[in-house]
Amino acid sequence: MDELIDILDSEGNATGKTAMKSEAHRVGWFHPTVHIWFYTGTGQVLIQKRSKNKAIFPLLWDVSVAGHIGAGENIKISAVREIEEEIGLTIQIEELEKIGIFKSVHRHSENLIDCEFHHTFLCKLKVPLHELKKQESEVDDLALVSLIQFSQETWGLANPQKYVPHSTEYYKTIIKEIKKRL
């Protein structure tokens, strides 16, 4: 789905310009996104398997919920909206804990350059996995994995081809921040 998004400079600052998401991806303009990692009190992480219809990293496991921030949209409101759309869960803004902003650049092809700043949040999952309702067009599957398995498979490199290739520092930060809350 195409949408109007804000364009950022290479340092993550607003430029005052907007563009359609498809154009930003075609040209390689930086733009903001939200990443929300859900975790349980027992040390599990909710991961999402991307739909086979996704242009970028189809059928790879990724962040619990992610999405683009609409032009002029509040970051936390965007996060709450994406959570409801992708996994059918309604949360309060206060439940989101921001843990950082991560710069990401992926050149998928000549006409698909993904330059993003991920506004990254943690949120405790308070419902069982079976109560989540995945958005069929975006999400192929949802799973809970132990933090140990997750760390081994991402930055431990036991199974990195299973996951979207975020930076090692990104994955280490997610794991460290979840561990602090257990």
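These notebook entries record what I looked up in a predicted model.

**Entry 1. Ground rules**

I number residues from 1 along each chain as its sequence is written, and side-chain values use heavy atoms, with hydrogens and water left out. Since the model is predicted, local features need pLDDT of at least 70 and side-chain atom pairs count only at pLDDT 80 or more, while totals for chains, interfaces and linings use all residues.

**Entry 2. The largest pocket**

I looked up the largest pocket and noted a volume of about 770 Å³. A pocket is an open set of points on a 1 Å grid over the protein atoms alone, where a 1.4 Å probe fits, with protein on both sides within 12 Å along at least five of seven lines. Grid points are joined across faces, edges and corners, and the volume is the space filled by probe spheres set on the points.

Which residues lie nearest the centre of the largest pocket? Among its 34 lining residues, they are Lys-21, Arg-50, Lys-54, His-68 and Glu-138; a lining residue has an atom within 4 Å of a point. Elements that give two or more residues to this lining include helix H1 (21–27), strand S3 (30–39), strand S6 (65–68) and helix H2 (75–87). Helices (H or I, at least four residues) and strands (E, at least two) are DSSP runs, numbered from the N terminus.

I then sorted the lining by type: 9 residues are nonpolar, 12 polar and 13 charged. Here Ala, Val, Leu, Ile, Met, Phe, Trp, Tyr, Cys and Pro count as nonpolar, Asp, Glu, Lys and Arg as charged, and the others, Gly among them, as polar.

**Entry 3. Lys-21**

Lys-21 lies in helix H1. Is Lys-21 buried or exposed? I found a relative accessible area of 16%, so Lys-21 is buried (buried means under 20%, exposed over 50%, partly exposed in between, with a 1.4 Å probe and protein chains only). Not counting residues up to four places away in sequence, Lys-21 touches Met-1, Asp-2, Glu-3, Ile-5 and His-68, where contact means heavy atoms within 4.5 Å.

I checked the burial of S3 next: 10 of its 10 residues are buried, so the strand is largely enclosed by the rest of the structure. Phe-30, Pro-32, Val-34, Ile-36 and Phe-38 point one way, and His-31, Thr-33, His-35, Trp-37 and Tyr-39 point the other way.

Two strands pair if DSSP finds at least two bridges between them. S3 runs parallel to S8, joined by 10 bridges, and Trp-37 stands opposite Leu-122 in S8. With S6, the pairing of S3 is antiparallel over 4 bridges; there Thr-33 stands opposite His-68.

I also looked at Ala-66 in S6. Apart from neighbours within four places in sequence, Ala-66 is in contact with Val-34, His-35, Glu-82 and Glu-86.

**Entry 4. Strand S4**

In S4, 5 of the 7 residues are buried, so this strand is also largely enclosed by the rest of the structure. S4 and strand S9 (residues 139–146) run antiparallel and are joined by 7 bridges, with Val-45 opposite Val-145. S4 is also antiparallel to strand S5 (residues 61–62), with 2 bridges, and Lys-49 stands opposite Trp-61 there.

How far apart are the end C-alpha atoms of H4? They are 18 Å apart, which agrees with the 18 Å that its 13 residues should span at 1.5 Å a residue. The expected span is 1.5 Å times one less than the number of residues. The buried residues of H4 include Tyr-170, Tyr-171 and Ile-174, and their cover includes S3, S4, S7, S8 and helix H3 (147–153).

H2 has 13 residues and reaches 18 Å from its first C-alpha to its last. Its buried residues, among them Ser-78, Glu-82 and Ile-83, pack against S3, S4, S6, S8 and S9.

**Entry 5. Loops**

Most residues other than glycine have a negative phi. I found a positive phi of about 50 degrees at Phe-57, which is not a glycine, and one near 60 degrees at Leu-59. Leu-59 is partly exposed, with a relative accessible area of 40%.

Last, I looked up Gly-156 in the loop between H3 and H4. Gly-156 is partly exposed at 46% relative accessible area. Gly-156 and Lys-172 are 16 residues apart in sequence and 9.4 Å apart in space, C-alpha to C-alpha.
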